[in-house]
Amino acid sequence: MPLGERIGDKSDSRYCGVETEYDDDMPQLLSTNINGGFDFVVSPLMEPSYRPSLMDTGHKGSGLAPFAGSDLVLSPSQWSSHVVGKISSWIDLDSEDEILRKDSEIVLKQEISWASHLSLQACLLPTPKGASCANYARCVNQILQNLNNMQLWLRIPLDKSEDDAMNGNSDHLSEGQVDSWETWNCYRLLCEHHSQLSIALDVLSSLPSANSLGRWFGEPVRAAIIHTNSFLTNARGYPCLSKRHQRLMTAFFNHSIQIVVSGTPVHNLPTGNLELVANHTDNHIDGIQRHPLRTYLDYVSYLYQKMDPLPEQERFELGYRDFLQSPLQPLMDNLEAQTYETFEKDTVKYIQYERAVSKALLDRISDEEASMKTTVLMVVGAGRGPLVRASLQAAEETGRKLKVYAVEKNPNAVVTLHNLVKLEGWEDVVTIVSCDMRCWDAPEKADILVSELLGSFGDNELSPECLDGAQRFLKQDGISIPSSYTSFIQPVTTSKLYNDVKAHKDLVHFETAYVVKLHRVARLAPSQPVFTFTHPEYSTTKNNQRYKKLQFEIPQDSGSVMVHGFAGYFDATLYKDVHLGIEPSTATPNMFSWFPIFFPLRTPVGVRPGSPLELQLWRCSGSTKVWYEWCVTCPSASPIHNSNGRSYWVGL
């Protein structure tokens, strides 16, 4: 049964498995473990002593591989829902011993074929042995080309020799003291980043650094195998985990990674607790002995259940996690009602705008002038009116008189605006203008210009071009809200997004910047500022084209990393100290109008620890469009992506 109930969590991490030995009585094996509280078993499918080269003598030429029963011993739903196949751990496809190597190839293909026949959801592949895994990866890659929907979990120990990494010493590599991420990276590169190849991490008693661990959350980790000898003992004699292990388990739960308990009981419960154990009734069926690993399962359940419920905002965003969306084309296209509806629900954003307008009004009009002077405020890109409402609320709160022009190019939104003004009785205060702000001839100049034209990367929805066009009807000492905004960018590992882009099998998708709620991602270095725009901008030489060269340092203790692309954010100053943004270190809490932007790389770039990663980024513009171009120039050069806006642009 699930580890517990957590509001909003419907992910696979609610289910815990157990690693078992081979048993030719699969129904009994499954019954024992399911009744013991586990949700699935990771079990060998084949007799471990079987070797094809010994078939003539050992199996009298029968030609049948000794699998654990026929497919009829369990129902199809039991095989699919409760069994993960464990490929024989003795196989070594890169062995110098030719007989062992050939036996290994035959058995690997037989077992995966049988697992596929059973419609298992996954098979656990043994950890590569030795320094080379090329033949192992070649055989698995062949299998992947014709595999059904089954996932192959490659077992990787979660270890890394910290001393060697810090000292730049590679003497230990031949002794097996290697960063296990390197093993995984080599294997997945040989298998061409195949989307059905994923990871089962072996969690050991000691853990690498936080930066080293962080890399794995951008990789396709499906399971974490926690060994009984990784558990400590608490004051009552029960198994528990270190604080670092607990934090890691929580991160696994949050990333839909399933826990698998492995090993034999190593905790002898004190005699005073035996009666308590005997009387334990959770999932206990009369006549069935309590599962020997139940105390470990109970502790995993405890860790899951003590997690905070998913916040409402996170629950709202669940469906958007790691889902690629094309950015809006706000000038070329008119937004739909549903899009307006989503943005208007973001109350935090409008509270910030209201604060900014309030401060601007107080700075603009003194208390003595409040009853005599009227401030002219123009909302450019008014949509269905949320900024009009926020501005009028700011005027009421500050006791200032306001005259509002609501400028909107979308005729459908203008219909809603007219109804809103009539409904609220704003006819004497609000003038609606159905026009593109870049073409409108204003009857008077504005004291305050308010807009919400920002995109995920700040300027990617053409706020600079729009506000340049609207600036002509702002007074010389007028205020723009926002007054400035800066884009930020950082390198990321995100195997999921890379494979989603790759699935399109064309250049266009690798040269498109996507809006995406990043989840299964490893942020490899702190974000850095890219382009800044300020409004109003009265410079006679102003130009909205930009170029930036950035250098990122991967922390030494991370180990090597794979860069699949770059995550972009923005931070905006609305007015003075009122800001709005999604850059992770300064993000406005509980705001959901913007997800980050993702710039993919056609070929992922591997970076060694301590080596610089150099990104070059351009913002280009022509007569009809604005676009970005980007490339990596260190540690190796990538092609320049999206040259001349051939794949992705924003229309003017």
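The lining of the second largest pocket splits into 9 nonpolar, 15 polar and 9 charged residues. I start there today, and please keep in mind that this is a predicted model.

How much space does the second largest pocket hold? It is about 850 Å³. Its lining has 33 residues, and those nearest the centre are Asp-12, Arg-222, Ser-256, Gln-258 and Arg-520. Two or more lining residues come from each of helix 3 (76-82), strand 3 (83-86), strand 5 (151-157), strand 6 (197-203) and helix 18 (495-502). Helix 18 is the biggest giver to this lining, with 4 residues. As for domains, domain 1 (16-162 + 178-307) and domain 3 (486-651) each provide at least three residues of the lining.

Now the largest pocket. The space in it comes to about 1,000 Å³. It is lined by 43 residues, and Leu-328, Leu-335, Thr-339, Phe-343 and Glu-461 are the closest to its centre. Which residue class do we find here, and in what numbers? The lining has 22 nonpolar, 11 polar and 10 charged residues.

Three elements each supply at least two residues of this lining: helix 13 (337-344), helix 14 (347-364) and strand 12 (401-408). Helix 13 gives the most, with 6 residues. And why does the largest pocket lie between domain 2 (337-481) and domain 3 (486-651)? Because both domains give residues to its lining.

Last, the barrel. In general, strands of a sheet pair through backbone hydrogen bonds, and the pairing is either parallel or antiparallel. In this model, 8 strands form a closed barrel in the order 1-2-3-4-5-6-7-10, and the pairing is parallel. On average, neighbouring strands of this sheet are turned by 30 degrees against each other, direction ignored.

Take one pair as an example. Strand 4 (residues 122-125) runs parallel to strand 5, and 4 bridges join them. Within that pair, Leu-125 stands opposite Leu-154 of strand 5.

Next, the helices on these strands. Helix 7 (residues 180-190) lies across strand 4, strand 5 and strand 6, at about 150 degrees to strand 5. Helix 9 (residues 243-254) also packs on the sheet, where it touches strand 6, strand 7 (221-227) and strand 10 (258-262). The direction of helix 9 makes about 160 degrees with that of strand 6.

Terms used:
Residues numbered from 1 in each chain as written. Predicted model: local features only at pLDDT ≥ 70, side-chain atom pairs only at ≥ 80, totals over all residues. Heavy atoms only, no water. 1 Å grid on protein atoms, 1.4 Å probe; cavity = no way out; pocket = protein on both sides within 12 Å on 5 of 7 lines; lining within 4 Å. Points joined across faces, edges and corners; volume = space filled by probe spheres on them. Nonpolar A, V, L, I, M, F, W, Y, C, P; charged D, E, K, R; others polar. Domains from an automatic or database assignment. Pairing = 2+ DSSP bridges. Axes fitted to C-alpha atoms, helices over the stretch in contact; angles between N-to-C directions. Contact = heavy atoms within 4.5 Å.
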